[in-house]
Amino acid sequence: MLPKDFLEALSQKHTKSNTFPSTSAVKELFTDIMLTLFPEQTQRHYGCLDELQEAFDQIELRLTRLLRSMQMHLDEDARVLATNYIQKLPEIYRVLLTDVQATLLGDPAAQSEYEVIRAYPGFYAIAFYRLAHALYQMNVPMLPRILTEYAHSKTGIDIHPGADIDEYFMIDHGTGVVVGETTTIGKHVKLYQGVTLGALSVSKEMASLKRHPTIEDHVVIYSGATILGGETVVGAHSIIGGNVWLTRSVPPQTKIYHQEQVKILN
């Protein structure tokens with residue numbers, strides 16, 4: 001027999017009205033958005049423009065219902081937000097195609113755009129981040145984090161929906177990558193597995209401040225590197241080597257490597 005006070009406390013949570021849609025409903029809708037934008041990932045194809053328009057109309061209707069279930073948490077009417085979000089999809093798609101190109105050109109193993117879209121975890125995580133970031137910019141709570149955490153669970157890549165990431169972004173391999181909420185990333189940036197773009201402090205008082213680094217254009221950050229702090233700027237065209245620990249800014253065209261002494265004993 002479980003303690004009565006435990007059951008009473010849990011019962012109160014069960015009886016409270018749920019003002020957010022279920023996680024499964026959120027994942028299902030945005031997976032459908034992803035598959036509609038990228039039929040490379042599915043066998044469900046639309047044969048003409050009218051069918052495709054109908055598919056997006058249905059997505060907009062489903063998004064409206066989803067947002068309406070959490071209307072009390074929104075700044076605008078659910079239907080207006082849903083319509084505005086759907087109108088953002090062409091630009092999201094355009095930017096995602098630049099991410100595909102960055103991966104295709106940046107990874108010698110990538111054979112085609114189809115392969116990148118269908119099989120690369122880095123692209124999958126970036127795609128869900130960009131879908132979530134658009135919601136984040138519209139001040140929609142909860143849903144952006146659900147989406148990026150879903151991608152995190154599938155890929156091992158943790159990108160906060162609040163991060164500001166420009167075009168031609170590439171994550172190679174990807175497992176263990178962490179990109180914090182106030183990170184800013186420029187164009188043509190490439191991250192390898194295990195990279196952390198994090199905060200120097202996790203104090204709650206810093207929640208409204210820039211806590212994560214800025215990575216300028218054409219920067220490559222190799223596996224295991226950790227770059228911390230809201231005032232830390234990695235200048236354009238820099239290379240950060242594997243396992244580097246960086247908490248200060250570096251100027252453009254900088255190369256930083258971690259040199260470890262290795263001894264071989266016979």
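The count comes to nine salt bridges, where a salt bridge is a side-chain nitrogen of Lys or Arg within 4 Å of a carboxyl oxygen of Asp or Glu. The model is predicted, so local features need pLDDT of at least 70 and side-chain atom pairs count only at pLDDT 80 or more, while totals for chains, interfaces and linings use all residues. Residues are numbered from 1 along each chain as its sequence is written, and side-chain values use heavy atoms, with hydrogens and water left out.

**Salt bridges**

- Side chains of opposite charge can pair when their charged atoms come close.
- R94 pairs with E91 in a salt bridge whose closest N and O atoms are 2.9 Å apart. The two residues are three residues apart in helix α4, which means that about one helical turn separates them. Helices (H or I, at least four residues) and strands (E, at least two) are DSSP runs, numbered from the N terminus.
- R94 is partly exposed at 35% relative accessibility, and E91 is partly exposed at 42%. In these terms, buried means under 20% relative accessible area, exposed means over 50%, and partly exposed lies in between (1.4 Å probe, protein chains only).
- R130 and D99 form a salt bridge with 2.7 Å between the closest N and O atoms. R130 belongs to helix α6 (residues 121-137) and D99 to helix α4, so this pair ties together parts that are 31 residues apart in sequence.
- R130 counts as buried at 8% relative accessibility, and D99 counts as buried at 1%.
- E181 and R211 meet through their side chains in a salt bridge of 2.8 Å, N to O. This pair links distant parts of the chain, 30 residues apart: E181 is in the loop between β4 (178-179) and β5 (184-185), and R211 is in the loop between β7 (196-198) and β8 (214-215).
- E181 is partly exposed, with a relative accessible area of 22%, whereas R211 is buried, with 12%.

**Helix packing**

- Two packed helices are described by the angle between their axes and the distance between the axes. Here axes are lines fitted to C-alpha atoms, for helices over the stretch in contact, and angles run from 0 to 180 degrees between N-to-C directions.
- Helix α3 (residues 49-68) and helix α4 (residues 78-106) have axes that come within 8 Å and cross at roughly 140°. That angle makes α3 oblique to α4; angles under 35 degrees count as roughly parallel, over 145 as roughly antiparallel, 65 to 115 as roughly perpendicular and the rest as oblique.
- The α3 and α4 crossing is right-handed. A crossing is right-handed if the near helix is turned clockwise from the far one by less than a right angle, and left-handed if anticlockwise.
- On the α3 side, the contact is made by F56, I59, E60, L63, T64, L67 and R68; on the α4 side, by A78, R79, L81, A82, T83, Y85, I86 and L89. Contact means heavy atoms within 4.5 Å.
- The residues of the contact of α3 with α4 comprise 10 nonpolar, two polar and three charged. Ala, Val, Leu, Ile, Met, Phe, Trp, Tyr, Cys and Pro count as nonpolar, Asp, Glu, Lys and Arg as charged, and the others, Gly among them, as polar.
- Helix α2 (residues 23-37) packs against helix α7 (residues 143-155) at an angle of about 75°, with the axes 10 Å apart. The two helices are therefore roughly perpendicular to each other.
- T23, V26, K27, F30 and T31 of α2 meet L143, I146, L147 and Y150 of α7. This contact of α2 with α7 has six nonpolar, two polar and one charged residues.

**Individual residues**

- T148 is in helix α7 and counts as buried at 3% relative accessibility. Apart from neighbours within four places in sequence, T148 contacts F128, Y129, A132, I159 and P161.
- D217 lies in the loop between β8 and β9 (220-221) and is partly exposed, with a relative accessible area of 32%. Not counting residues up to four places away in sequence, D217 touches G186, K187, A236 and H237.
- G230 is located in the loop between β10 (226-228) and β11 (233-234). Not counting residues up to four places away in sequence, G230 touches K210, R211 and H212.
- G230 and G186 are 44 residues apart in sequence and 15 Å apart in space, C-alpha to C-alpha.
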